[in-house]
Amino acid sequence: MKQFKLAFAIGFVAIAACSAAAAQADGDTVTAASKNPLGSSPDAVAAGEVLFGKMNCAGCHGYDLAGGMGPDLTDPAWLYGGKPGEIYLTISNGTQTGMPKWNDKLKPVEIWQLVSYIQSKAGH
Ligand code: HEC
């Protein structure tokens, strides 16, 4: 009986850990304070650059990210905050005033790649 309880407890912990990982993967748990799990990895920056062109972010923000119809993403001024989690949420949810939402078109990992790319250009 004791062993059964132990196995049950281990199983429960494993299930809880899996569902936490799944929530992370679908982006549900991202907050303004979240850190970019990809950081400034060169692979993530390169993948973000490809997405920035492919998804036509560049059409509104410019290929140099310096702005066009959408705002400059390289200057220190942020409308919705320049921390990784804040940039993630702006891209994911969009805004009422012109920025489309991308959470139905991009996977969380792709949004983080875009965050890595944008942050590699910020302040340049
Ligand atoms: C249709 C034009 C358009 C497209 C396409 C677009 N954006 Fe935007 N974006 C905007 C506008 C306009 C704003 C400013 C929104 C506002 O003032 O509410 C904005 C805001 C943002 C911000 C917030 C900037 C700040 O100062 O806080 C980020 C980050 C951003 N866009 C990234 C992206 C990325 C990444 C993509 C591609 C996946 C993208 N945008 C595609 C128009 C666009």
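## Helix packing and ligand shell in a predicted model

Of the 124 residues in the protein chain, 21% are buried (20 or more other C-beta atoms within 10 Å of the residue's own, with C-beta atoms placed from the backbone). The model is predicted: local features need pLDDT of at least 70, side-chain atom pairs count only at pLDDT 80 or more, and totals for chains, interfaces and linings use all residues. Residues are numbered from 1 along each chain as its sequence is written.

The protein chain has five helices and zero strands, in the order α-α-α-α-α along the sequence. Helices (H or I, at least four residues) and strands (E, at least two) are DSSP runs numbered from the N terminus. Among contacts in the chain between residues at least 6 apart in sequence, 67% join residues at least 24 apart; a contact requires C-beta atoms, placed from the backbone, within 7 Å.

The ligand is surrounded by 24 residues, where a residue counts if its C-beta atom, placed from the backbone, lies within 6 Å of the molecule. The closest are Cys-57, Cys-60, Gly-70, Gly-98 and Met-99. By class, the shell around the ligand holds 16 nonpolar, eight polar and no charged residues. Nonpolar here covers Ala, Val, Leu, Ile, Met, Phe, Trp, Tyr, Cys and Pro; charged covers Asp, Glu, Lys and Arg; the others, Gly among them, are polar.

The axes of helix α2 (residues 42-54) and α5 come within 7 Å and cross at roughly 100 degrees. Axes are lines fitted to C-alpha atoms over the stretch in contact, with angles from 0 to 180 degrees between N-to-C directions. Therefore α2 is roughly perpendicular to α5, a term for angles of 65 to 115 degrees. On the α2 side, residues including Ala-44, Val-45, Leu-51 and Phe-52 meet α5 residues, among them Trp-112, Leu-114 and Tyr-117. The contact of α2 with α5 has eight nonpolar, four polar and two charged residues.

The largest nonpolar core has 17 residues; such a core is a set of buried Ala, Val, Leu, Ile, Met, Phe, Trp, Tyr and Cys residues joined through C-beta atoms within 7 Å. Tyr-88, Ile-111, Leu-114, Val-115 and Ile-118 touch the most other members. At least two residues of this core come from each of α2, α4 and α5, and α5 gives the most, with six residues. Not counting residues up to four places away in sequence, Ile-118 touches Leu-65, Leu-73 and Ile-87.

Definitions and conventions
A residue is buried if 20 or more other C-beta atoms lie within 10 Å of its own, exposed if 12 or fewer, and partly exposed in between; C-beta atoms are placed from the backbone. Two residues are in contact if their C-beta atoms, placed from the backbone, lie within 7 Å. Angles under 35 degrees count as roughly parallel, over 145 as roughly antiparallel, 65 to 115 as roughly perpendicular and the rest as oblique.
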